[in-house]
Amino acid sequence: MSPREDPPRRRVRLPELATGPRELTGEAARYPRTVLRLAPGDAVACFDGGREARATIVEITRQTVRLEVGEPRPLPGPACHLTVALPPPKGERADWAVEKLTELGVASIHWLTCARSVVEPGTGRLERHHRVAAAAAAQCGRATDRKSTRLNCSHANIPYDVFRLQKKKQYKL
């Protein structure tokens, strides 16, 4: 794929990206076959976490999807490192916030405890947020290894004053 050539808008994750014929099975085959409704001859962009390659669908069966993968190239890194700190919203709004912030290019999300905070995300919810961030990064074309879609949710419930002091020291605000 030349630098001027637009990559295909349909993206398929390959665990190990390599040039040549590849075969997807199981859940990996279901996404391009059922969700994207691809057909033989369709162009897709295959990615693995830090690299991307142009590929063509060769054959689709009920169980497999066969691809011909081109030369992988590294995905560009972010132009800047964005950090967002916010109190966790109620219900599914937290998942939506994680998804949209990831798609916008935010590198880290901190959940804050504020004076009137009601929600405190538990461990199960934080793992869900990591999965949502990885899926959103894959959808929008960002590198999707664990480090690039890092959610600093392991530091959940940071009091606002502590977060402000940490950032003040870090950025000399």
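## Val 69 and the nonpolar cores

In this predicted model, Val 69 is in contact, once its neighbours within four places in sequence are left aside, with Leu 14, Leu 17, Ala 18, Thr 19, Gly 20, Arg 22, Ala 53, Arg 54 and Ala 55. Val 69 also belongs to the largest nonpolar core, a set of 14 residues in which it is listed with Leu 14, Leu 24, Val 44, Cys 46 and Leu 67 as having the most contacts inside the core. At least two residues of this core come from each of strand E3 (43-47), strand E4 (51-60) and strand E5 (64-69).

Apart from this core lies another, made of ten residues, which include Leu 86, Val 98, Ile 109 and Ala 133. In soluble globular proteins, nonpolar side chains tend to be buried together.

## Arg 11

Arg 11 is part of strand E1, which spans residues 11-13. With a relative accessible area of 11%, Arg 11 falls under the 20% limit and therefore counts as buried. Its side chain makes a polar contact, at 2.5 Å, with the side chain of Glu 52.

## The largest pocket

Two or more lining residues are given by each of E1, helix H1 (27-35) and helix H3 (123-140), and the largest share, five residues, comes from H1. Sorted by class, the lining of the largest pocket holds nine nonpolar, six charged and two polar residues.

How values were computed
Residues numbered from 1 in each chain as written. Predicted model: local features only at pLDDT ≥ 70, side-chain atom pairs only at ≥ 80, totals over all residues. Heavy atoms only, no water. Core = buried A, V, L, I, M, F, W, Y, C linked by side-chain atoms within 4.5 Å. Buried < 20%, exposed > 50% of the residue type's maximum accessible area, 1.4 Å probe, protein only. Helix = DSSP H or I, 4+ residues; strand = E, 2+ residues; numbered from the N terminus. Contact = heavy atoms within 4.5 Å. Polar contact = N/O pair within 3.5 Å; in protein donor to acceptor, adjacent residues only side chain to side chain. Nonpolar A, V, L, I, M, F, W, Y, C, P; charged D, E, K, R; others polar.
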